[in-house]
Amino acid sequence: MATVTLTTDEFDEVARSADIVLIDFWAAWCGPCRRFAPVFEESSDKHGDIVFAKVDTEAEPALSERFGIASIPTLMAIREGVIVYAEPGALPAPMLESVIEQVRALDMADVRARMNS
C-alpha cells in the first residue's frame, strides 16, 4: 500500500479510518527524513492493513503545532483513534517493524482504562 499525504482538513478522518495509522512528520529539506522515507515506504508495502501517512511539516504547520512536533522526522502511531506512540528520529527498518509489532500487541481496553484513570 502506498503512503497517503495528510493535510489538516483530512487528518482526523484518516486517523479514525483504520485500526492502525502510522504517520511520518517530515520536510523536504531534512536529511534524516529523506533517509527514513524509503524505510517507511517499504514497510507500507508489507503491512496492507495499516494506513501509512505522511505530513509535510512545511506545508501543514498547523498539524505540527497541534501535536507539538519539534523535531523531524517524527513517527506517530495511532491505534483505534488513540495516539499510542510519537517519537522523533529516523528509525532503521528493524526498529520500525518492532514499533509496528508493539502497536499491534497493545491491549486497547487496558490503554483506554489507563487513560480514564
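Guide: Start at phenylalanine 11. Neighbours within four places in sequence are left aside here. In this predicted model, phenylalanine 11 is in contact with Leu6, Ile23, Phe25, Val55, Leu63, Arg66, Phe67, Met76 and Ile78.

Now place Phe11 in its setting. The largest nonpolar core holds 19 residues. Phe11, Ile23 and Phe25 touch the most other members of that core. Ile23 and Phe25 are also on the contact list of phenylalanine 11. Helix H1 (11–15), strand S2 (20–26), strand S3 (51–56) and strand S4 (74–79) each supply at least two residues. In soluble globular proteins, nonpolar side chains tend to be buried together.

There is a second, separate core. This one has 13 residues, including Ile50, Phe52, Leu75 and Ala77.

Next, the strands. Five of them form an open sheet, in the order S1-S3-S2-S4-S5, and the pairing is mixed. At the edges are strand S1 (4–5) and strand S5 (82–88), each pairing on one side only. S5 meets S4 in the antiparallel sense, over six bridges. One detail of that region: arginine 79 has valine 82, in S5, as its bridge partner.

Finally, two helices lie across the strands. Helix H4 (residues 93–105) lies across S2, S3, S4 and S5, and runs at about 20° to S4. Helix H5 (residues 108–116) lies across S4 and S5. The angle between H5 and S5 is about 85°.

Definitions and conventions:
Residues are numbered from 1 along each chain as its sequence is written. This is a predicted model: local features need pLDDT of at least 70, side-chain atom pairs count only at pLDDT 80 or more; totals for chains, interfaces and linings use all residues. Side-chain values use heavy atoms; hydrogens and water are left out. A nonpolar core is a set of buried Ala, Val, Leu, Ile, Met, Phe, Trp, Tyr and Cys residues joined through side-chain atoms within 4.5 Å. Buried means under 20% relative accessible area, exposed over 50%, partly exposed in between (1.4 Å probe, protein chains only). Helices (H or I, at least four residues) and strands (E, at least two) are DSSP runs, numbered from the N terminus. Contact means heavy atoms within 4.5 Å. Two strands pair if DSSP finds at least two bridges between them. Axes are lines fitted to C-alpha atoms, for helices over the stretch in contact, and angles run from 0 to 180 degrees between N-to-C directions.
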